[in-house]
Amino acid sequence: MKFNTPLLKKYEPAMNEKVLKKLEFDKVLDMLISFAAGREAKDLCKNTAPLKDIRELERLQQENEDALNRIFKNGAPSFGSIKDIRRCILSTKQEFILSTSELLDIASSLEGFASLYDYGKEEAVDSLSDLFSCICTLPGICIQIRKCIISEDEIADDASSKLKEIRRKIRTSNDRIRSDLNSMINGSLRTYLMDPVITLRNGRFCVPVKAECKNQVPGMVHDTSSTGSTLFIEPEGCVKRNNDIRELQISEKQEIQQILADLSSKVALHSEEITADLDIAASLDHIFARAKLAADMNAMRPKYSDDLSFELKKARHPLLDRKKVVPTDIRLGKEFDQLVITGPNTGGKTVTLKTVGLLHLMGLSGLFIPTADDSTLGLFSEIFADIGDEQSIEQSLSTFSSHMTNIVGILRSYTKDSLCLFDELGAGTDPEEGAALAQSILNFLHVRGVRTIATTHYSELKIYALNTDGIENACEEFDVETLSPTYHLLIGVPGKSNAFAISKKLGLPGYVIEEAERRMDEKDRGFEDVVGKLEKARIELENIKTESERKRAEAEENASRLRKKNEHLEKERERIISEARQEARSILQKAKDESDEVLRNIQKYGTAVDKEAIRKMEADRAGLRLSIDKNSDRAVEKKADGIDPSKIYIGMEVEIVSSGFKGTVATKPDIKGNLTVLCGIIKYRTNCADLNETVIKDPYDRKKRRSPGGAKGHAMTISPELNIIGQTTVDGVEMMKKYLDDAYVSHLPEVRIVHGKGTGALRSAVQDALKNIKYVKEYRNGQFGEGDAGVTIVRFKGE
């Protein structure tokens, strides 16, 4: 069976070998190799090189990103148990028998494959899922190998039933021969022995016999002591048993070989699956090595531009100490296609060149690059670099010739898709000739649109960059006060060599420096002065910008802190209100329960004549009032709106706010606003200020009316008034009868039937029906202020 595994294909490298070495790409590969576990993965890492296929690059970068996500979530998978067993698998195809150590390596590798398969299932589908899903686990073979082979030197007794039987016989024979020899050395042979012990010589059991007594112990001599005083003799009576043991040992070896042959043949049956698993494991090892390198460098996934432009944000050279290196921002290809970097020696110009070149080599090889997020690389087909690692004032003609040889090769091999890097272009010869030559080379490449970065000390190149469209100056910032570079690249500003300032700081006499300044050309002095002023203005602007950024950050921090504080206060306020509401509900519920209990007792004892019962009722009522007063301080008070005394009429539905009871006005308010409210059968004396007007729902709505279950608790819900205006005579009378039944059971002494005046038909039907209701004591038309002829007042008989 053949497996289609999406392994890494071999692509032709896009870059020349010289630039890979010049930019130290091999050292990055050494770091990558250190994160790979297996030999094949290390070979894949070693062969990593820049590619031309953008689709292949995006695939590699997606694999890196997915592998990095898996590492952050689940840790890195282990490849350590996967051994280099490809040669062993090939041997099984040729029907060779594998050794115990080789079979154990295969078992370890199979366990590693199973572990990789399980690791792959822990994450959602990504670009690595196909690789993990193609792994073929073979648990049966692994279990058989582990069952049969305990270690490289030991085969388990249970490897086969025949081996188990042979070893049992060997143990039995050993026990018997030892027993026979013990009888001999403790009996007839004791006086002839040097020591009463049993020893092994050449795999056979012997006894140590004194040399002078050898004729007294018949048998075979297998060895002598170094002094010759002791002979190791196999007694004649034990020869057959030793021979039997020897034969069994030979049978044991043959059976072990048969077991190893059987295991090897089973491995051979699955050789293709195991080989495919080895390929997948090597690819995954390589992918996770790239991800581990990215994590170690704190690197990011780059983007690729389609116009050969690039922008590196917070770029760091990967071979420098991450804690010490100063990140730099550099761009090329959008506003300008050439960059001329100037500045003092040791200012970081060469490092910048190498950083640009090396990060492109990494990104075009499918590796993450040590930059800030959202950095972009150009898809260059070639990168050329003429970078000298040695910085010396003693440059000779041979050095110039060496550089020029490199430049000639670059000018012969470049394409429009190339990136050219020149360090100290034109150096090593006469300054005027070198500057002119450097300008000519840059102009040659500029006219042809080739992306180029060059470092220099020549003022002529600074002026050339200022006067030429598409070419930009840049400089490495230098702090004259501390005589040290800051390693910040400033694009758009030409740099100064700062030779005079540095020399003065180091103690060179002032008159020497003044003489040197006089010897400078007037144009050069003027240009340097302009550059100096620009640098000073830039520093001032940088300071202003830094201060502005600091204040903005401080303002944002204060705003954020205030916002969090307000959110905390709002949450705390809501918590307090919620707790208060909960407490109020609890208090009111308790008061309601107590009031219900009192009302039940009132209804229970309401018609009793027993004085003791009456006293019990009054005590409960006083207790209820005391409980309500006690809890009123903690309850969330409901505000009473109060009612204008002039608007209060008898029968008006109101709520007594202080007690929470609802009822009907029974008397009009006096001068002080005091009045009586009828709540069921209880008359409450209260004030207009403690009342809210309310509407008591009609308890005789047929959809909501509860069936009466006696008088208990019902007085609180029955209304002392029934409104049947608009009903037919039949429906109105029926509603009234049901209402009167409940009102009478609830012990209401008097109720009002509101039927309206109209034609008088509904009033006549109501009063005719009242004549036939036994518990109705009397009825009458309403008086002035009670509703006149539109209302019938009904009084009930006492029980």
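Start by selecting Phe288: with a relative accessible area of 0%, this residue is buried. Keep in mind as you look around that this is a predicted model.

Phe132 has 3% relative accessibility, so it counts as buried, since the cut-off is under 20%. Phe132 and Phe288 form an edge-to-face aromatic pair, with 6.5 Å centre to centre and 65 degrees between the planes. The pair links distant parts of the chain: Phe132 belongs to helix α7 (residues 129-133) and Phe288 to helix α11, 156 residues apart.

Next, show helix α11 (residues 271-297) together with helix α4 (residues 54-74): their axes come within 8 Å and cross at roughly 70 degrees. That is why α4 and α11 count as roughly perpendicular to each other. Zoom in on the contact, where you'll find Leu60, Ala67 and Ile71 among the α4 residues, and Phe288 again among those of α11. What kinds of residues make up this contact? Nine are nonpolar, one is polar and four are charged.

Jump to Tyr414 and Phe444, another edge-to-face pair, at 5.8 Å centre to centre and 80 degrees between the planes. Tyr414 sits in the loop between α13 (397-413) and β13 (418-422) and Phe444 in helix α14 (residues 431-447), so the pair ties together parts 30 residues apart in sequence. Is Phe444 buried or partly exposed? Phe444 is partly exposed, at 28% relative accessible area. Select Arg448 as well: Arg448 lies over the face of Phe444, 3.7 Å from the ring centre.

Last stop: Arg201, which lies over the face of Phe232 at 4.0 Å from the ring centre.

How values were computed:
Residues numbered from 1 in each chain as written. Predicted model: local features only at pLDDT ≥ 70, side-chain atom pairs only at ≥ 80, totals over all residues. Heavy atoms only, no water. Axes fitted to C-alpha atoms, helices over the stretch in contact; angles between N-to-C directions. Helix = DSSP H or I, 4+ residues; strand = E, 2+ residues; numbered from the N terminus. Parallel < 35°, antiparallel > 145°, perpendicular 65-115°, else oblique. Contact = heavy atoms within 4.5 Å. Nonpolar A, V, L, I, M, F, W, Y, C, P; charged D, E, K, R; others polar. Phe/Tyr/Trp six-rings, centres within 6.5 Å; stacked < 30°, edge-to-face > 60°. Buried < 20%, exposed > 50% of the residue type's maximum accessible area, 1.4 Å probe, protein only. Lys NZ or Arg CZ within 6 Å of the ring centre and 35° of its normal.
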